[in-house]
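Morning, everyone. Please have the sequence and the model open on your screens. I'll go through the structure piece by piece.

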Amino acid sequence: MAVRDLVAVFLIAGVLYPSTGSPSGGLLPSSSSGSSVRIERVRLGSGGQWVELKNHADSSRDLRGWRLRAGDGAVYEFGPYRLGPGKTVRVHTGEGRDSRRDLYGGSRLPALPTSAATVTLRTPESAVDSCRYSGEGDAAC
């Protein structure tokens, strides 16, 4: 195999299977998570605290076993839940009644850190997206 063929194979493998060791996920741009489900917004304030996820794929995604971690603290783990194509779901802190559009962390996700922190979305295998926010308000990711 020629050197240029090896380079082409490396580039294709890097795009399809990005390295998790770098902040940008290997050869993918840092703005791309490589996942069809991404963190869209983080809300902190008197109107409640939540993290909004969106499925950018053309098909449903099963989020069972996925985790949402707020800073170094609380973790919300998804039970049986399918996020439809183009749909969003808000994961709220504290107590509430789950619906198709809103899920509540209860004691598992009591509060988001109110100072600068990072929210990370993980599959059972790896991190797929993260969003850094700086405090109260509505942060677009």
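Let's start with a question: is the disulfide of Cys131 and Cys141 left-handed or right-handed? Look at the torsion about its S-S bond, which is about -80 degrees, so the disulfide is left-handed. Keep in mind that this is a predicted model.

Now the rest of that bond. The count of disulfides comes to 1. It joins Cys131 to Cys141, with an S to S distance of 1.9 Å. The two cysteines are 10 residues apart, and the pair links distant parts of the chain. Cys131 sits in strand β10, while Cys141 belongs to the segment after β11.

How exposed are the two ends? Cys131 has a relative accessible area of 3%, so Cys131 is buried. Cys141 has 44%, so Cys141 is partly exposed.

Next, the sheets. Strands of a sheet pair through backbone hydrogen bonds, and they can run parallel or antiparallel.

Take the sheet that holds β10. It is an open sheet of 4 strands. Read the order as β5-β4-β9-β10, with antiparallel pairing. Which strands stand at the edges? They are β5, residues 75-77, and β10. Each has a single partner strand, so one side of each is left without a neighbour in the sheet. On average, neighbouring strands here are turned by 15 degrees against each other, direction ignored.

Let's walk across part of that sheet. β4 and β9 pair antiparallel over 4 bridges. Find Arg67, and you will see that its bridge partner in β9 is Arg122. Then comes the step from β9 to β10. That pair is antiparallel too, with 6 bridges. Ala117 has Tyr133 in β10 as its bridge partner.

Pro124 is in the loop between β9 and β10. Is Pro124 buried or exposed? Its relative accessible area is 54%, so Pro124 is exposed. Leave aside neighbours within four places in sequence, and Pro124 is in contact with Arg64, Gly65 and Trp66. Arg64 is 60 residues away from Pro124 along the chain, yet their C-alpha atoms are separated by 8.8 Å.

On to the other sheet. This open sheet has 5 strands, in the order β8-β7-β2-β1-β11. The pairing is mixed. At the edges you find β8, residues 102-104, and β11, residues 137-140. Each of these has a single partner strand, so one side of each lacks a neighbour in the sheet. Neighbouring strands are turned by 20 degrees against each other on average, direction ignored.

Inside this sheet, look at β1 and β2. They run antiparallel, joined by 6 bridges. One example is Arg38, whose bridge partner in β2 is Lys54.

β2 also holds Asn55. Where does that residue sit, buried or exposed? The relative accessible area of Asn55 is 0%, so Asn55 is buried. A polar atom of the Asn55 side chain lies 2.9 Å from the backbone oxygen of Leu83. Not counting residues up to four places away in sequence, Asn55 touches several others, including Ser36, Val37, Arg61, Gly84 and Lys87.

Last stop: the core. How many residues does the largest nonpolar core have? It has 27. The residues with the most contacts inside it are Ile39, Leu53, Leu68, Phe78 and Leu121. Several strands each supply at least two residues, among them β1 (37-44), β2 (50-55), β4 (67-70) and β9 (117-122). Which strand gives the most? That is β1, with 4 residues.

Zoom in on Ile39. Again, skip its neighbours within four places in sequence. Its contacts then include Val51, Leu53, Leu68, Val119 and Leu121. Cys131 and Cys141 are also in contact with Ile39. Those are the cysteines that the disulfide joins. And that takes us back to where we began.

Terms used: Residues numbered from 1 in each chain as written. Predicted model: local features only at pLDDT ≥ 70, side-chain atom pairs only at ≥ 80, totals over all residues. Heavy atoms only, no water. Core = buried A, V, L, I, M, F, W, Y, C linked by side-chain atoms within 4.5 Å. Buried < 20%, exposed > 50% of the residue type's maximum accessible area, 1.4 Å probe, protein only. Contact = heavy atoms within 4.5 Å. Pairing = 2+ DSSP bridges. Axes fitted to C-alpha atoms, helices over the stretch in contact; angles between N-to-C directions. Polar contact = N/O pair within 3.5 Å; in protein donor to acceptor, adjacent residues only side chain to side chain. Disulfide = S-S within 2.5 Å.
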